[in-house]
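Hi,

Here is the structure I promised to send over.

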Amino acid sequence: MSEPLIVIENLQKSFIHMGSRLDVLRGIDLVIDQGEVLAIVGPSGAGKSTLLHCIGTLDLPTSGRIKLAGEHLVGLPSARLAAIRNRTIGFVFQFHHLLPEFNALENVMMPGLIQGKSRKEMEGPATALLTEVGLAHRVTHRPGELSGGEQQRVALARALVLSPKLLLADEPTGNLDSSTSKAMHELFFEINRKHGTTIVVVTHNPSFAESMPRMVTVTDGKIESDVRRGHSPFEAERAKAAEASAEAPAAEA
Ligand SMILES: Nc1ncnc2c1ncn2[C@@H]1O[C@H](COP(=O)(O)OP(=O)(O)OP(=O)(O)O)[C@@H](O)[C@H]1O
Ligand SMILES: [Mg+2]
């Protein structure tokens, strides 16, 4: 079994607000394996986004440890954190934050262009991902010329364009209608199956959360429950392949 992708130990995060301390994360322990897909649920204000931001190196915990892909994050200089973030993590937020003056293809290529890769280098992977999310026919549209669901799919393609090991999504379908949300949810499973991406999604959508192989409930800054119901599509395929290869020599004997 390979090492877990994320190991979180006794994670605490407090904010100082108007002179008093607000303890938002109060001792979170969580281990996430490579290739898992899980939902983080819980009431508003429970600390879900804060937890996601700490995992994603967008925010610093007050104490505790986070190990991501074998590396301890806490205490690393910000340049190193930025490098880890660029190489390992893709983000999708409730509001997609696409750049309005660039078209869909350019938005998806952008993380690579920022890293100094050429347009020529990025065009292939960006086009392939836009095709994968069903937008091959909209590559030259700017965000203002796309529907909400289409914009969210562009944001997903953008998050995946540098092949991150980890995709973090914070209410990615919070502003979409139910059938568009459902299509987006299917896409998460498809991405996991195809690329083995580990996916952590904060959601208020009960049916999406219920459809997940693992659901972690955060209440008042702590993990209230952590329920595994099965395998992610990637884990299921990996298990099937392992089973088949274990059976093969026996069949020959
Ligand atoms: N920078 C900050 N300064 C002070 N308090 C903060 C800050 N950021 C978040 N909080 C507080 O921390 C608590 C947890 O916030 P967080 O955004 O993690 O909640 P959440 O579980 O994502 O909620 P929601 O479901 O509404 O998005 C909230 O009560 C919020 O007011
Ligand atoms: Mg939130």
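Predicted model: local features only at pLDDT ≥ 70, side-chain atom pairs only at ≥ 80, totals over all residues.

Let's start with ligand 1. The residues around ligand 1 are Phe15, His17, Leu22, Val24, Gly42, Ser44, Gly45, Ala46, Gly47, Lys48, Ser49 and Thr50. Sorted by class, that shell has seven polar residues, four nonpolar and one charged. Helix α1 (48-55) contributes the most, with three residues, while β1, β2 and α1 each supply at least two.

Next, the sheet. Four strands make an open sheet in the order β2-β1-β4-β5, and the pairing is antiparallel. At the edges sit β2 (20-32) and β5 (71-72), each of which pairs on one side only. Strand β1 (residues 6-17) runs antiparallel to β4 (residues 63-68), and five bridges join the two.

Finally, helix α5 (residues 148-160). With 13 residues at 1.5 Å each, α5 should span 18 Å, and its end C-alpha atoms are 19 Å apart, so the two agree. The helix is mostly covered, as ten of its 13 residues are buried. Those are Gln151, Gln152, Arg153, Val154, Ala155, Leu156, Ala157, Arg158, Ala159 and Leu160. And what covers them? The cover over the buried residues of α5 includes β6 (89-92), α3 (104-114), α4 (119-132), β7 (166-170) and α6 (178-195).

Cheers

Notes: Residues numbered from 1 in each chain as written. Chains lettered and ligands numbered in written order. Expected span 1.5 Å × (residues − 1). Buried ≥ 20, exposed ≤ 12 C-beta atoms within 10 Å, placed from the backbone. Contact = placed C-beta atoms within 7 Å. Pairing = 2+ DSSP bridges. Near = placed C-beta within 6 Å. Nonpolar A, V, L, I, M, F, W, Y, C, P; charged D, E, K, R; others polar.
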